Amino acid sequence: MSVLGWIISVLLTIAPRIILLILWLFTPFVSAVFPNWIAPLLGLLALPFTALAYMIAWDPTSGLGGLGWLIVIGGLALDLGSYALGIYVSRAQKADARQA
């Protein structure tokens, strides 16, 4: 496995969670967007890019519109892509270990 693949995988895993946690602890924005603590906690644990995209796209007066949903879908695509990259790197490591 290359070092660059490992670094990208770690950054895609940790960075959005740290950003979401900092926003949740130090700003009232997360509490304004999500009505309870369950949704941001699920976002923190499972879908951090989707939760951040929802927070970016959310409008206090009208909620989410058409463009907002596209932003949320983009966040979901980033989450799924980061999980797929992790699976790819893991399989590449196993293949390299078998060849050695």
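A surface patch is taken here as a group of residues with over 30% relative accessible area and no salt bridge, in which nonpolar side chains are joined within 5 Å. In the predicted model, one such nonpolar patch is formed by Ile 14, Ile 18, Leu 21, Ile 22, Leu 25 and Phe 26. Together these residues present about 600 Å² of accessible area. Phe 26 belongs to helix 1, which covers residues 3-26. The relative accessible area of Phe 26 is 66%, and this residue is therefore classed as exposed, the cut-off being over 50%.

Ser 82, in helix 5 (residues 66-99), has a relative accessibility of 13%. Because this value falls under the 20% limit, Ser 82 counts as buried. The side chain of Ser 82 approaches the backbone oxygen of Asp 79 at 2.8 Å. When residues up to four places away in sequence are left out, Ser 82 is in contact with Leu 12 and Phe 49.

The secondary structure of the protein consists of five helices and zero strands, in the order α-α-α-α-α from the N terminus. The radius of gyration is 16 Å, whereas the globule rule gives 13 Å for 100 residues, so the protein is more spread out than a compact globule. Along the principal axes, the C-alpha atoms occupy a box of roughly 60 × 30 × 20 Å.

Of the 100 residues, 26% are buried. The accessible surface of the protein comes to about 6,700 Å², with 75% supplied by carbon and sulfur atoms. Among contacts with a separation of 6 or more, 58% are between residues 24 or more positions apart.

Terms used. Residues numbered from 1 in each chain as written. Predicted model: local features only at pLDDT ≥ 70, side-chain atom pairs only at ≥ 80, totals over all residues. Heavy atoms only, no water. Patch = residues over 30% accessible without salt bridge, like charges linked within 9 Å, V, L, I, M, F, W, Y side chains within 5 Å. Areas by Shrake-Rupley, 256 points an atom, 1.4 Å probe, with all protein chains shown as cover. Salt bridge = Lys/Arg side-chain N within 4 Å of Asp/Glu carboxyl O. Helix = DSSP H or I, 4+ residues; strand = E, 2+ residues; numbered from the N terminus. Buried < 20%, exposed > 50% of the residue type's maximum accessible area, 1.4 Å probe, protein only. Polar contact = N/O pair within 3.5 Å; in protein donor to acceptor, adjacent residues only side chain to side chain. Contact = heavy atoms within 4.5 Å. Rg over C-alpha atoms; globule rule 2.2 N^0.38 Å.
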